[in-house]
Amino acid sequence: MTVILISWGTRIDKGGGGMAKGYRIYFDEDGRAFADGVPLDTHDIQSKRKKEAYRKKMEAEEVTQWNRKELWIAAYNRKVEEISKKLKLHELGAYLVLVVHLKMDSKGKVMLDTKKPMTLEDIAKKIGKKDRQTREIINALVREKALTKVKEGRHFVYYVNSDIHTMGEPIKEGESFTKIMQKATKNKLRLLHRGKFAGLTLEQIGLLYKIIPYFHWSKFYLVENPDEQDPDKLQPFDLKKLAEKIGISYAAMKRHMSGLMKAGIVMKSSAYGRNIYTVNPQILYRIDQETAETASYKQRVIEEFNMAKKGELGE
């Protein structure tokens, strides 16, 4: 059993000739009080400070274990930035929907489930478009080499370009990459609800794809210098600058960012008289080797997202 040191001081022992003696009071995990004489063979004494440090350590380890168990897809930031300049928002949105359907052993093939690869008809259902519109999107992705189309049996199947995304393969040496956390991202990108489309649009998902290279590796802010090691030197984007950087209009940025905020993917906060936009680390993450400090910070950010109220964009 663990007991926590809660207070200490002196008392007058009337039965001992009025001599002052030190005393300590402890509480066990069930709230029972102990004074002096705690049997050390059955109890472990901890100070409040030590107990708090232990709690934080366990929280950090829990987050680390969660991150290890969660499957993710690697997004190579430089290549993501390059392909994002060649495709339209809705095309990038469809691409991200396909990317999160990779499997550990599929070698880049887009899978409907563990055994069946996605066909054009499957993709159309996933992205909520008719076959003709889906074919146009797929043709654009193939043309820009984001996808490869291969005939297998009676159907074409599709492979994601391994220069841009991989899953279950060694990370390319020297390449800056982002983890797209598969399960959480799939849940956020789910377009269908009881047979009807609701929530995120392909354009909003496309914006999420475009911002992948621009969030800070440890603080998760959208910044102009995402690889900066010194947090005091970060240069947060405002929406106008971010819109210019990724090549869309300010009006489109406001509209689509509002959708990402309502979905709990991005959170707006204020600091030093300006708005700061934070990406949910449950969706996108860049730290490869976690420490107790980075895991604890990540958990605090996740808690902030969980507590944040949905609101309209006010910039």
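I count a charge as sitting over a ring if NZ of Lys or CZ of Arg is within 6 Å of the ring centre and within 35 degrees of the ring normal.

I worked on a predicted model, where local features need pLDDT of at least 70 and side-chain atom pairs count only at pLDDT 80 or more, while totals for chains, interfaces and linings use all residues. Residues are numbered from 1 along each chain as its sequence is written, and side-chain values use heavy atoms, with hydrogens and water left out.

**Charges over rings.** I looked up Lys219 and found it over the face of Tyr297, at 4.3 Å from the ring centre. I also noted Lys240, whose charged end sits over the ring of Tyr250, 5.3 Å from its centre.

**Aromatic pairs.** I paired rings of Phe, Tyr and Trp (its six-membered ring) if their centres lie within 6.5 Å, and I classed planes under 30 degrees apart as stacked, over 60 as edge-to-face and the rest as tilted. By this rule I count five aromatic pairs. One of them is Trp72 with Phe177, which is stacked at 5.9 Å centre to centre, with 20° between the planes. This pair links distant parts of the chain, 105 residues apart: Trp72 belongs to strand β5 (residues 72-76) and Phe177 to strand β9 (residues 177-181). I took helices (H or I, at least four residues) and strands (E, at least two) as DSSP runs, numbered from the N terminus.

For accessibility I used buried for under 20% relative accessible area, exposed for over 50% and partly exposed for in between (1.4 Å probe, protein chains only). Trp72 is partly exposed at 24%, whereas Phe177 is buried at 11%.

I then looked up Phe220 and Tyr285, a tilted pair with 5.8 Å centre to centre and 45° between the planes. Phe220 lies in the loop between α7 (202-210) and α8 (239-246), and Tyr285 in strand β14 (residues 284-285), 65 residues apart. Phe220 is buried, with a relative accessible area of 0%, and Tyr285 is buried with 0% as well. Ring pairs join Phe220, Tyr285 and Tyr297 into a cluster.

**Cavity.** I took a cavity as a set of points, on a 1 Å grid over the protein atoms alone, where a 1.4 Å probe fits but cannot get out; lining residues have an atom within 4 Å of a point. I joined grid points across faces, edges and corners, and a volume is the space filled by probe spheres set on the points. My search of the whole structure gave one cavity of 30 Å³ or more. The largest cavity holds about 50 Å³ of space. Its lining includes Glu81, Lys210 and Tyr214. To this lining α2 (77-84) and α8 each supply at least two residues.

Notes
On a 1 Å grid over the protein atoms alone, a cavity is a set of points where a 1.4 Å probe fits but cannot get out, and a pocket is an open set with protein on both sides within 12 Å along at least five of seven lines; lining residues have an atom within 4 Å of a point.
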